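Below are my notes on the packing and the strand order of this model. Please read them next to the structure.

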Amino acid sequence: MNRLKICMSHRCVFPKGAFFYSTEKVAELAREIGYDGVEFLPTWTFVWEINCYGKLLAPESMVVSGHRDWRLDRVMEARKKGKSRLLAEIKNKYDWVSPPPSSQCLRALRRFQNVYKVPVSTQWFYDTVNFSPVMLELWSPEQGIDYNNLLIWLKGDPKGRGVVLDTAKFTSWLKENRIEDQKVKVFKNLLPHIFEVHYRSKKRNLIKSMNLGGELRDDSEENLKFILRNGFRGRIVVEFGWPDLDDSLFGLFREDLGAFKRLHTKLISFILSCAS
């Protein structure tokens, strides 16, 4: 991929869009705003479409990647503590808006990938065997692999294995791998393997138990500029949505599409200005 491609995360329209938006409606909204595609999550409507039609209702041209369900974080937490994985999938009120049970999400995502041949991202190294191509979203050695072994793994299959850099987690990943002082060198080593960059917002009062996938930092914009100015020209997925966006423009039933479109038009312009 040698040109900048700006896409929208499915979760930008959560929580309402997780229940009441078809994937076609999500794709239409993204295209109207000016996005090049959508990274889809296995919501209830996503799973239903895959099970009923064997594909999504969204046009294929707008399907750029998939993202593992959030419930897997709960499963992994229970696995580490030796507790019931099923009971752990609903821990607080936010989990009620999460996708279907993680096992159903996995089956749906594998069928989705068989149809669309696009990469799927996951935050857990043990889960990478379930998809090809696969993207490991970097956040901590706790996800099952450290920096040195990550490079070995990536070089073993450059076409089938890649990484996702989350702009709000990149700094904490460097810090936890104790390579924060080598940021430029590390980024250059990862650059050929970056399948996606996730440009992410951060909620000021994010509940700790909701964020199992790494510490969110306040330097998201700084990292976005760093990534673009150091040569990345691939797919950027905008993740400005529930639950870590202050004053979300979507509720379970309400929505403010006018404000949503204005916000995301500005975000696209900002990304392009960082790349120029």
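1. Leucine 150 is in contact (heavy atoms within 4.5 Å) with Leu136, Leu138, Ile145, Val163, Trp173 and Leu190, leaving aside residues up to four places away in sequence. The model is predicted: local features need pLDDT of at least 70, side-chain atom pairs count only at pLDDT 80 or more, and totals for chains, interfaces and linings use all residues. Residues are numbered from 1 along each chain as its sequence is written, and side-chain values use heavy atoms, without hydrogens and water.

2. Leu150 is also one of the residues that touch the most other members of the largest nonpolar core, together with Phe112, Trp173 and Leu190. That core has 72 residues. A nonpolar core is a set of buried Ala, Val, Leu, Ile, Met, Phe, Trp, Tyr and Cys residues joined through side-chain atoms within 4.5 Å; buried means under 20% relative accessible area (1.4 Å probe, protein chains only). Helix α11 (residues 257-275) gives the largest share, seven residues.

3. Strand β6 (residues 161-166) is largely enclosed by the rest of the structure, because five of its six residues are buried. Strands are DSSP runs of E, at least two residues, and helices runs of H or I, at least four, numbered from the N terminus.

4. Strand β5 (residues 134-137) pairs with β6 in the parallel sense over four bridges; pairing requires that DSSP finds at least two. Glutamate 137 has valine 164 in β6 as its bridge partner.

Conventions: Buried means under 20% relative accessible area, exposed over 50%, partly exposed in between (1.4 Å probe, protein chains only).
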